[in-house]
Amino acid sequence: MSIRTLMLLLVLAVLLPAAGVSAWLLDHQLGQARAAAEGRVKLLADETAAALQLTLRDQRSLMKRVAELPRVRALDPDNFDPGVAEYLRLHPEYNNLGVRDRDARLIFSGRPGGVTAQEEFREFPWFKEGIASTRFLAGDAFLGRLSGRWVTVLTQPVVNDSGDVIGIVHMAQDLLALNERVLGSAPVNAVVAVVDRQGHYLLRSAEPQRWLGSPGPPDAQRAVQGAKQGFLVAAGPDGVLRQYAFVTMPDTGWRVVAGVPLDEVLAEYRRLRLRGVLVGTGILLVALVLAWRIGRAIAKPVEALARAAGRVAGGDGGARAPAEGPTETRAVALQFNRMVDARAKIEAALRHSENSLAVTLQSIADAVIATDLTGRVTRMNGTAERLTGWPQAEALGRELSEVFPIVNSDTREPVDDPVRKVLDSGVAQGLANHTALLARDGNEYQIADSAAPIRDEAGKTLGVVLVFSDVTERYRAEQAEREQARVLRLRDRALAEVSQGVMLTDAQARITYVNPGFERLTGWAAAEVMGRTPRFLQGASTSPETAATISQAVRAGRAFHGEVLNQRKDGSPLWVALDISPLRDEQGTLTGFVGAQRDIGERRQAEADRRALEVQLRESQKMEAIGTLAGGIAHDFNNMLGAILGNVALARDDLSAGHPAMASLDQIRKAGDRARAMVQQILAFGRRQPHELTVQPLRPVVEETLDLLRSTLPARVALERALTDQPVTASVDATQIQQVLMNLCTNAWHALQGSTGTITVGLEEAEFDAVQGLAADALPAGRYAHLWVRDTGTGMDAATRARIFEPFFTTKPTGRGTGLGLSMVHGIVTAHGGAIRVDTARGKGSTFHLYFPTQAQAHAVPPETAAESQLGALDSAGAHVLYVDDDEVMCLVVERLLQRAGYRCTCCTNAQEALRVVQEVPEAVDIVITDYNMPSMSGLELAEALLARGLPDLPVVISSGYITDELRAGAERLGVRSLLQKQNTVEELVRLVRRVLSR
């Protein structure tokens, strides 16, 4: 074989490995190009996913606030927050925001009009998913019925206090607007898209109007099915072959896809491949020529050197080239052998160093990550792999921020790159507190770390080493301690502000805490009660039953709610509403009690006052009802007494002074007078008695009565006076006031029960304000004459005191009292506009307090003179009197009385008959006297009928057994000349007719 052939073979032997190396380099370059493209599209996909996640987080925050509104949770369509509608107006990219209940009934729509029917709405997939979920959801691409645009519907559940989903808040997000917001800044040479769970396009950076809502390529969908993230090479819907990276968003199921054209990715590689082929071909041709020329001289040594090189390339570190052939060849062989020896030493040292470093890093408990000057990962130990979720093989060459993403635990903002901080400062740096590592697998760790520069022997910075450790448990413990301290501070501030008294005890009911409200309420300082049981708050007035109930509840670990009469530190009573509740730990063990007490003293006092007033009101209503009955009975007695006394007077006039019947008539008259006095008492009790009220000083009336009493009382009874020297004037009927005093003093004498004792009668002026007047039988505020009668007798118990003013009630033996005395006193005092109060107790005597409104004294009205009376008698002789009364006996008596006085009299028993008499001969009647209370027509109605018939000048007198204010007002309105007390008809009738006719 010729040398040229040998050289040719040598060249081929040398160049073939070079060609292999070149092919390997080209393949490596292809891998780097693909890796760079994958990193680029992965970064683009991650950035897009982060931007979209941030947008969805803002929308989720808004919808969560809406779902938590009390008015939304009440599903009330009339009370929706107008701020939501304003938010939609400011953000037109949100087509609508609404609230629907579980049956898809619309509760609120931010843009009303054209609302989809309830039944159809219930079948939408996003509504079914939203109502069945308890968290925020984002739906698939959906063609809006109202807008005609592609949208995605976001839903947030509305839950009640029990945690049940009662409806959803839904918002339609315009996909074109979202596309512009998220993908508006996407690179022009890349395609970024977001597809929903059905594989339809939600977003696409290129031609979004064309592709939104359309399904993606089926081949690509099948290729990524089941994978959350990764890479693939596939043709897009436009037919362009691209390098894609895809990631799946965890909360929505959406997949973010980013891709660049494969031609662009491989362009540089293809240029390098073409250049390498051209250069390699040229070198091969040159080598072949040279080999052909020098092959013969160096063929053998080169072949030996080639063999040695081949062995070295195959991993044989002991291979050597023979030093033979030309000088140059021998020199090359020698150098080649030295090179192989040096390489073997270096590789051995590197392997030893690498092994030592790997063992050291794996032995460190903390996580370690090393980077170069560009911040790319060059090494990491097992702890770092576990915490970051990145195997070292995958992390090498990646940016530190991708492998080691860290944020502030509180603000969730990214933390500054520690590598950049070290490189900028040139010194070691530590991370701030509250730093969280977001691991690749979704876990989150609280970390503490430091970063330091890596320098060579000359001090040149080669990279950065990052050392960090997991402090999550310590961080959580510190957070829990801080939260517990905050809650305790908040509790103390809240308890200090409440007005109720609050105390905490241990399981043995010993006090461990009281708030300032407890100190203010009870007067006890906190330091004085610590360690004591609350029983010291109970006093002598505390109900033993209530105290026992509280003790039983505490011993049984039960709650207690009730009202308790305690006492303050100074011994004063304290009514409180007490609530005691047991405190238990997580295992249900009783650890203590919490008690809250609220001062209810004012309410209890108000309730007591109300009960007292109710008793007074019932007594007053009872007396009023009995008085009405008594007044009605007295009216009929007046008619009978008038007839009896009238006939007695007529009979006496018909008989001579010595006639035997005169004695019997005198007895009948006396009995009639006593009966009339009894009727007056009944009327006074019933507040029906007409009074001769005169403004006069009360002391002379009282003194005259006491002078009369002194002669009737036994000598062993002392009658004392306590009369003020100041003038006390009131509008009273003196006779009735004397009657009141006589009754009260007589009762006081009987209360002494035949033994010695003292009766004191007093008079003074008193003044009440509104509160005092309320206590004194509901008198209005003002000045009053205070008249009282006090005895040292036996007194009365509560039961007797409650009935003393009832008619016919008496404690005296049968036959010694009628029971009308005190009831009559009550009627007279009440009729005078006054009030009566009794202070009494068994064995302590009794005091009757009478109160009459005071008045200034008026001038007296002069009495009718004898001359006027005589003139009236002369002028009225022979006058015609028309008398009207439904009682025939009274008609006969009155007729005889008037005829005997010289008058002509016509009697009628009903008003209609009287009207006929007047109508027939109106000028023949001089005066009409009519009873007020008649069955068919009252006296006032008869007077009104006479006035209506054109007889305004005809005098009318009305007679009544009791004259009320209403009767007086009606008589004055109709021009009635006078009113006559019917029981005084015999004494006053003739004189009254004479006086009226004389005017």
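**Exercise 1. Find the side chain that reaches the backbone at the start of helix α6.**

Solution. At the start of α6, a side-chain oxygen of Asp174 comes to within 3.0 Å of the backbone nitrogen of Leu176. Helices here are DSSP runs of H or I with at least four residues, strands are E runs of at least two, and both are numbered from the N terminus.

The model is predicted: local features need pLDDT of at least 70, side-chain atom pairs count only at pLDDT 80 or more, and totals for chains, interfaces and linings use all residues. Residues are numbered from 1 along each chain as its sequence is written, and side-chain values use heavy atoms, leaving out hydrogens and water.

**Exercise 2. List the buried residues of α6 and state how they are arranged.**

Solution. Step one: apply the cut-offs (buried is under 20% relative accessible area, exposed over 50%, partly exposed in between; 1.4 Å probe, protein chains only). Step two: α6 covers residues 175-183, and its buried residues are Leu175, Leu178, Asn179, Val182 and Leu183. Step three: look down the axis of α6. These buried residues fall within an arc of 105°, so they line one face of the helix. The arc is taken over the directions from the helix axis to the C-beta atoms.

**Exercise 3. Locate the salt bridge between Asp58 and Arg181 and classify both residues.**

Solution. The criterion is a side-chain nitrogen of Lys or Arg within 4 Å of a carboxyl oxygen of Asp or Glu. The side chains of Asp58 and Arg181 meet at 4.0 Å, N to O. Asp58 sits in helix α1 and Arg181 in helix α6, so the pair links parts of the chain 123 residues apart. Asp58 is partly exposed at 38%. Arg181 is partly exposed at 45%.

**Exercise 4. Work through the salt bridge of Asp46 and Lys42.**

Solution. Their closest N and O atoms are 2.5 Å apart. Both residues belong to helix α1 (residues 3-67), four residues apart, which means about one helical turn between them. Asp46 is partly exposed at 29% relative accessible area, whereas Lys42 is buried at 13%.

Conventions: Polar contact = N/O pair within 3.5 Å; in protein donor to acceptor, adjacent residues only side chain to side chain.
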